[in-house]
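Subject: Two-chain model for your review

Dear colleague,

Please find below the structure that I promised to hand over, followed by some notes on what turned up in it.

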Amino acid sequence: MSAGDSDNWAGIHRGRRTAPGEWLAEKAIFLISLSAIILVFLIFAFILRESLPIFLGTMNSSASRKVIQPSEMHTISREALRAYLEMPAGEFAEMDDETLKLMMEVKLEAAAEAPEDKDAKVNTASWSLMLKPHQWTGYDKPEYIWQPVSEIHKYNLIPLLVGTLKTTLVAMLFAVPLSLLAAIYVSQLASARHREWLKPAIEMLSGIPSVVLGFFALIVMATVLQKVFGYQSRLNAFVAGIALGLAIIPVVFSISEDALTSVPPSYPQAALALGASRWQAAWQVVLPAAMPGVFAATVLGFGRAIGETMIVLMASGNASIMGWDILDSTRTITATIAAELAEAVFGGHHYRILFALGTMLFAVSFLTNLAGDLITHRLKKQLEGKP
Amino acid sequence: MRASHFGTSVAPHIWEPATNRMIRLTLSIAFGVVALTAIAVRADSITAKGSDTLVILAQKWAEVYMAEHPNTKIQVTGGGSGTGFAALQNHTTDLCNASRPIKSKEVLACIKVFRKRPTEYKVALDGLSVYVNESNPVRSLTVAQLKDIFTGRTENWKEVGGEDAPIVLYSRENSSGTYEFFKQSILDGADYSARAQTMPGTAAVLQAVGKDTNGIGYGGVAYGSGARALPVSKAAGLPAIAPTEENVVNGSYPIWRYLYIYVNPALDTGEIAHYLNWIRSDAGQDIVKNVGYFPLPKASRN
């Protein structure tokens, strides 16, 4: 009885038997949340595994390599043969001689088709050729070239990186000031009646599927913007950037509006009491107080913009031009992966380089999201007055 | 009082074996059902996977063949030739539709599994057209001029008899068999100009050329408002040939290619062999015309 007294306090049983339904629900929720984390890790492990040979530099994509005649099959060591056929040891052990000979014949045929070219022997999937310009046969000067489907596979990543940054930059320049001003207006200046329909209206933009935005950009915006500005190529980084901006406006707006609203009302009230106008209070008092949140919104918008695929695939023209002119057609990393992966030879160098691009994108996206989260956290602590 | 203490700690143990048993039972039933359906579907069905170029044609073939042979089920999916070859070696598809010939790396992967080369069947002809805007005064181009235009050496229409305006290039994605084929046969393997914009399909190329008075693009046989197909001559001085069925099938039009189906030789018996024969018969080849490709010449049907 004494134990019962300590377990029963104010009508609450400490040791109450958990109902089986509750127990199951609790475990199920736990498993689901755990599986989400495991899934993220699995995805990262998978893309990393597929791209690891590129990062380690063990992938060779040279078009022409040393050939071993099928007749010499028994004169070379088994290990040399295995290395020549690029097979793991376990798989190699299962092969009979006839199959191995057939594979050597195919290698020989492939070598006969390889181009006679000074570049045929270089490994184009090496880091130096993926990052530095190279003077390929048929070009007048060293250039950054992304031409993966070619006799000599040219895998320079710089045009894609530049293309991605170009469109993202245009999107940020277009979307951040607009959504920030909208957020200031909605949270600080608008009357309650206006705020009631303005906020959901702007956030409704996020309800438009990106493929619809891309389609709209491809058909309507490209034509209208070309007529207004009169530039040469209809689809370019500018059009794609504006469309991308429309996609990130709700992200940036929504988070910075939250940050601005969570600034204690006593701040602007104090400013107003000291004779500041409403605009001055919003711009010089509330905005600085909400700065970390606004910064987090920008960072999250950047993460969304750099990872967005469908809009840039449809509206950027996808030409891998190297240069910073935003009125040129441009090719982004995401669009490249989406467009090229289906036809790449599975496990081949092209496939692995696309996965390496995916890994880089994942890292950038993950880091920006993490940074955004950390900053939001800090802001919350600051505003709650905790150290 | 002891009992109430046990209540918290024992209850999970009572529950665990029961749930475990239930989970195991459910799982084994689920696996059993999946395995059974897999076997049942496998029994009289053919799967075909691969090139998106071929998907409409392959679906049409499947539809007509299934109407004639109600006991056979044929499933057609796209995804790209590369996806098709990967599926072929994983045994997840019986037939691989391909708009390009198989590559040596893919042959090697297939040999590892089949112990033989995959069998190649040519199943149709595809003629590629070169499209320009309707208002473009240029009436025809030679293969050499096309090469200079698409590699970026010729940058202005006046160099090929047009107006003084820059040439805007519309190409296909490099994952497309069309891209690779045009590169091999017209560009002699040289790189496309980096300025070439890439479009997701022939329809998109046509739409872009139709809107751009200085545009030029290429693609399968199709119709689009504002764009027209340009006759092509093999060399300067030779007659320019339009991409009509007659000219493509007799080989006088210079830009055409084969479309293929690949199959594991061990599976090429019974219903699958019958289906492949039917595709290359008159009945199968008549369907080819309806979806914008050209039938194989009689000589290359085997």
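**What was found**

In chain B, buried residues make up 41% of the 302 residues, where a residue counts as buried if 20 or more other C-beta atoms, placed from the backbone, lie within 10 Å of its own, as exposed if 12 or fewer do, and as partly exposed in between. Please bear in mind that this is a predicted model, in which local features need pLDDT of at least 70 and side-chain atom pairs count only at pLDDT 80 or more, while totals for chains, interfaces and linings use all residues. Residues are numbered from 1 along each chain as its sequence is written, and chains are lettered from A and ligands numbered from 1 in the order in which they are written.

Chain B has 10 helices and 12 strands, taken as DSSP runs numbered from the N terminus (H or I over at least four residues for helices, E over at least two for strands). Five of the strands of chain B form an open sheet of mixed pairing in the order 2-1-3-12-4, two strands being paired if DSSP finds at least two bridges between them. Its edges are strand 2 (73-77) and strand 4 (119-127) of chain B, each of which pairs on one side only. Strand 1 (residues 45-50) of chain B runs parallel to strand 2 of chain B and is joined to it by five bridges, with B:Ala48 standing opposite B:Val76.

Elsewhere in chain B, strand 7 (residues 168-172) has five of its five residues buried, so it is largely enclosed by the rest of the structure. B:Val168, B:Tyr170 and B:Arg172 point one way from this strand, and B:Leu169 and B:Ser171 the other way. Strand 7 of chain B pairs in the parallel sense over three bridges with strand 9 (residues 215-219) of chain B, where B:Ile216 stands opposite B:Leu169. Strand 7 of chain B also pairs in the parallel sense, over three bridges, with strand 8 of chain B, where B:Thr198 faces B:Ser171.

As for the two chains together, 40 residues of chain B are in contact with 42 residues of chain A, contact meaning that the C-beta atoms, placed from the backbone, lie within 7 Å. On the side of chain B that touches chain A, helix 1 (2-43), helix 3 (81-89), helix 4 (104-114), helix 6 (177-185) and strand 8 (197-199) of chain B each supply at least two residues.

Chain A, finally, comes to 16 helices and four strands. The radius of gyration of chain A, taken over C-alpha atoms, is 29 Å, well over the 21 Å that the globule rule (2.2 Å times the number of residues to the power 0.38) gives for 387 residues, so chain A is more spread out than a compact globule. Its C-alpha trace spans about 90 × 85 × 35 Å along the principal axes, and buried residues make up 36% of chain A.

With best regards
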